[in-house]
Amino acid sequence: MKSKPLLLANIGQLLTLRASAPGPRRGAALSDLGILEDASVLCLGGKIVSVGKTKDALCDPWLKKNRRQVREIDCSGRVVLPGFVDSHTHPVFAHPRLIDFEKRISGANYEEIAEAGGGIRSSIVGVRKATKAVLTQKLLAALRDMASYGTTAVEAKSGYGLDLASELKSLEAIRAAARQWPGTVVPTFLGAHTVPPEYRRRSQAYVDLVCNEMMPAVAKRKLARFADVFCDRGAFSAQEAEQIFRAAEENGFALRAHIGQLSETRLAPFLRFNPASLDHLDYVNEADVRALAASDTVATFVPGANYFLGLSRYPNARQFIAAGVVVALGTDYNPGSSPTLSVPMAMSLACTHMKMSAAEAITAATINGAWALRIADQKGSIEPGKDADLAVFNLKDHREIPYWFGVNHCQLTILNGIAEERP
Ligand code: NIG
Ligand code: FE
């Protein structure tokens, strides 16, 4: 995939998210979008080379000389922002979970459905049966849909195979799809998603398999950058999760975890491992929020899961932000708890149910998502030298992105310098 020189001109609001201080955004800095009006962005070779007022950009000597080679996109007063960095998705699955959906409508909750054989375990069968080619095609279709909503970088977890061959197959599908998509995919090994049925009541034996066989095999093939674990009631205990973190570290993975989704688990033992991100955090105590604030670990909220599970409780984002925690937002795209790949939808939920402002939600879904994936040196803001990842919304004001919920106003997405228009 080759990128052509691109000039985005006449941008109404350019949300640069440029850094005013080093490090991830917290507190008041979450609201600093670095907005330029009547702006333009020049991209060459898949990188951003200049950002400024349209009239200055048009006087640029290089541009004057090479104007004919440059594809010029007239943004006609629209909003342009960094492509979303969706730092939490489970996109490798075979089928939707309609039985779980109907059971929930009839009143069963997530844990009851899982105990009755639904939940994560019911997605295992489909992934184990599917060929790598089928998983790759489904994932590629999802990545293209994500891009149509403005996402340019995505974390993609395995975690519905849960045996060595099926986890490797899932991660290989991630690698294969990533090669065919112009955006950026960061792979995560989630062998510790749940205990598969053949290890029922033998969770320690499964944890040993994950640590001693799966992780070395994944590491040897360089199939994942991160390792993740679902630490909660009905999944893995804090002690098991610590064993998984230790093994992940030994195998060279950076760390992230699902934690506090259904019940409270103390965060302090995990923070010692310096995880990139801890995700969900619906149940957390105040001391742990303070400990998080004192660290660079990102708290990633995934309100799509709260919405789709029909919960009235959402993470207390205001408490985290007031304490100074670095917060990010992801879709948690998966067939059980959050079948949406729309970051604007997640942002809208964060605004309406978690009382984050539109600006905070935008920062959480761009530069702080990039920090959560440790790719903030290249992604998440519109600054010279960074990758040319941008989204153009057919709107006048950035606050309209979370305002118009359930409607896609993203018109054009630029992924590493490749422009993809929505049909
Ligand atoms: O993030 N909590 C664990 N994992 C997913 C749900 C996965 C599923 O139900 O398939 C989540 O919500
Ligand atoms: Fe998840």
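Which residues make a nonpolar surface patch of about 310 Å²? Leu-98, Phe-101 and Ile-105 do. The model is predicted, so local features need pLDDT of at least 70 and side-chain atom pairs count only at pLDDT 80 or more, while totals for chains, interfaces and linings use all residues. Residues are numbered from 1 along each chain as its sequence is written, chains are lettered from A and ligands numbered from 1 in the order in which they are written, and side-chain values use heavy atoms, with hydrogens and water left out.

Take the patch first. Its members must have over 30% relative accessible area and no salt bridge; nonpolar side chains (Val, Leu, Ile, Met, Phe, Trp, Tyr) are joined within 5 Å, like charges within 9 Å. A salt bridge is a side-chain nitrogen of Lys or Arg within 4 Å of a carboxyl oxygen of Asp or Glu. Areas come from the Shrake-Rupley method with a 1.4 Å probe; for residues, only the protein chains shown count as cover. Ile-105 sits in helix α3, residues 98-105. Helices (H or I, at least four residues) and strands (E, at least two) are DSSP runs, numbered from the N terminus. Ile-105 counts as exposed because its relative accessibility is 62%. The cut-offs are over 50% for exposed, under 20% for buried, and partly exposed in between (1.4 Å probe, protein chains only).

Now turn to ligand 1. It has 15 residues around it; Tyr-110, Tyr-160, Gln-261, Asp-332 and Ser-337 come nearest. Being near takes a heavy atom within 4 Å. A polar side-chain atom of Tyr-110 lies 2.6 Å from an oxygen atom of the ligand. For Asp-332, a side-chain N or O atom is 2.8 Å from a ligand oxygen. For His-258, the corresponding distance is 3.2 Å. The protein covers 100% of the 330 Å² of accessible area that ligand 1 has on its own.

Next comes strand β12, residues 298-301, which holds Thr-300. Thr-300 is buried because its relative accessibility is 0%. Beyond its neighbours within four places in sequence, Thr-300 has contacts (heavy atoms within 4.5 Å) that include Ser-87, His-88, Asp-279, His-280 and Ala-372.

Finally, Tyr-314. This residue lies in the loop between α12 (303-308) and α13 (317-323). Tyr-314 counts as buried because its relative accessible area is 10%. Leaving aside neighbours within four places in sequence, Tyr-314 touches Pro-303, Asn-306, Tyr-307, Leu-349, His-353 and Met-354. A polar atom of the Tyr-314 side chain lies 3.5 Å from the backbone nitrogen of Tyr-307.

Conventions: Polar contact = N/O pair within 3.5 Å; in protein donor to acceptor, adjacent residues only side chain to side chain.
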